[in-house]
Each structure stands twice: as C-alpha cells, then as structure tokens.
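Please examine the sequence and the structure displayed below.

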Amino acid sequence: MKDNIILIGYMGSGKTSLGKKLSYKERIALLDTDRMIEQKQGMTVSEIFEKQGEGAFRIMETECLKEILGYTEKYVISVGGGLPIKEENRKLLKELGTVVYLRAKPDTIYARLKNDTSRPLLRGDDPRGKIEDMIGKRGPVYELAADCIIDVDEKGCEVIIGEILEALKLDLRVK
Ligand code: S3P
C-alpha cells in the first residue's frame, strides 16, 4: 500500500483548497484528479460532461487513479466528488494511501456553491434539494471509502488541517 494522502468529499467540501494548503504545509506535491483529466483532455470538466457525457468522465477518473498508482513519489491527492462512488475506484483509493473524508452538511455546501457555475451536476432547478439528496446517498459511500472522517462545518482551514494531520499520525488505515 502506498502512503499518499487522499482527500474525498462532496463538491465544495474543501478538497481543493485544503489539498493546496496541506501540500504546502507538509511539502508534499499535490495532485488533483479533475485538473489531471482536464489537462489530458484539453477541456474543462463541464465541457467533458457536455461533449462526452458523464459516463466517459467516470472512465477517465478510473484511468487517472491507475496512472497515479504507477507514480513513485508521495502526494496529497484531491479527487472529484463523484470518484469514490464507483467500487473499483474505492479499491484503487485504498491502494493509494490514507483516505480522508471531508464531511460537510448540505447547508455548508449550498452556502459555498450557490453562485458557482463550474459544477455540471448542480445546474438546473433546486440545487439545494439536489445537494441534500446527493449527500444523503453519497455520504454512506464516502464513509465506506474513508480511513478517517473530518467534519468541516464552521471550522477554519488551519483547524481542519490540524485535525487531518492528527488523524494521519494515528495511522487509521485498515491494513
Ligand atoms: C463531481 C465533482 C466535481 C467534478 C465533476 C463531478 C461529482 O469535482 O469531478 O463535476 O460527481 O461530485 P469537485 O468535487 O472537485 O467539485
């Protein structure tokens, strides 16, 4: 098993921003699966959803994890919100390192994303309802994928980073 630090959670839970801060603080390089896919495809995630469909994007996510598995350095890896939903991906995540679930309540997510247009899955009517519904369904799956869970609501970045580092010190991985 590898020793990467993997951040999972719903859109807007802070994976990208916390990943950047954690990477800087610990001097560990950062990978972001959405950005890797965008670079490879030469398109944004929204454009991939529009032109190739969600199914194609989900295949790209699995390919991306397989590619990272071949890397030899240690990374902080921030993954797309839907990536852990596929069982194959959860297995790959376990092989890649310690999985940290950044758990956020629907209200927190809605407040952060209500003016965001970059998430194709939240377009259309009733984004608040969609968030609640998806978190209800995905939450248990994120918990299944996680080695540790960090509640992020109403906490500042420094506090969350501190909690992540504490959890990592305890090495909560199921071996
Ligand atoms: C998705 C989350 C997004 C991105 C895509 C699908 C999801 O990533 O991968 O829009 O299914 O939750 P972020 O969680 O980084 O926003």
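## A glycine in helix H3

Gly53 is partly exposed because its relative accessible area is 22%; this class lies between buried, under 20% relative accessible area, and exposed, over 50%, with a 1.4 Å probe and protein chains only. Gly53 belongs to helix H3. Helices (H or I, at least four residues) and strands (E, at least two) are DSSP runs, numbered from the N terminus. Between the C-alpha atoms of Gly53 and Pro140 the distance is 25 Å, and these two residues are 87 apart in sequence.

## Basis of the model

The model is predicted, and local features therefore need pLDDT of at least 70, side-chain atom pairs count only at pLDDT 80 or more, and totals for chains, interfaces and linings use all residues. Residues are numbered from 1 along each chain as its sequence is written, and side-chain values use heavy atoms, with hydrogens and water left out.

## The surroundings of the ligand

Which residues come nearest to the ligand? Of the 14 residues around the ligand, these are Lys15, Asp34, Arg58, Arg119 and Arg138. A residue is near a molecule or strand if one of its heavy atoms lies within 4 Å of it. By class, the shell around the ligand holds six nonpolar, three polar and five charged residues. In this scheme Ala, Val, Leu, Ile, Met, Phe, Trp, Tyr, Cys and Pro count as nonpolar, Asp, Glu, Lys and Arg as charged, and the others, Gly among them, as polar. Helix H3, residues 45-69, gives the most to this shell, with four residues.

Polar contacts can be described atom by atom. Such a contact is a pair of N or O atoms within 3.5 Å; within protein, one must be able to donate a hydrogen and the other to accept it, and residues adjacent in sequence count only if both atoms are side-chain atoms. A polar side-chain atom of Asp34 is 2.8 Å from an oxygen atom of the ligand. The side chain of Arg119 likewise has an N or O atom at 2.8 Å from an oxygen atom of the ligand. For Gly82, a backbone N or O atom lies 3.2 Å from an oxygen atom of the ligand. The ligand on its own has 390 Å² of accessible area, and the protein covers 95% of this; accessible areas come from the Shrake-Rupley method with a 1.4 Å probe, and for residues only the protein chains shown count as cover.

## Buried residues

Asp32 is placed in strand E2, residues 29-32. Is Asp32 buried or exposed? Asp32 counts as buried because its relative accessibility is 10%. The side chain of Asp32 reaches the backbone nitrogen of Asp34 at 3.0 Å, and Asp34 is itself one of the residues that come nearest to the ligand.

Gly9 lies in the loop between strand E1 (4-8) and helix H1, and it counts as buried because its relative accessibility is 1%. In sequence, Gly9 and Tyr142 are 133 residues apart, while their C-alpha atoms are 6.7 Å apart in space. Ser23 is part of helix H1 and is classed as buried because its relative accessibility is 13%. Ser23 and Ile77 are 54 residues apart in sequence, with 9.1 Å from C-alpha to C-alpha. Leu122 lies in the loop between helix H5 (106-113) and helix H6 (127-145). Leu122 is buried because its relative accessibility is 11%. A distance of 17 Å separates the C-alpha atoms of Leu122 and Lys51, which are 71 residues apart along the chain.

Where is Arg27 found? Arg27 is in the loop between helix H1 (15-26) and strand E2. Its phi is near 55°, a positive value in a residue other than glycine. Arg27 is exposed because its relative accessible area is 64%.

Glu154 lies in the loop between strand E5 (148-151) and helix H7 (157-169). The phi of Glu154 is near 55°, again positive in a residue other than glycine. Glu154 is exposed because its relative accessible area is 82%.
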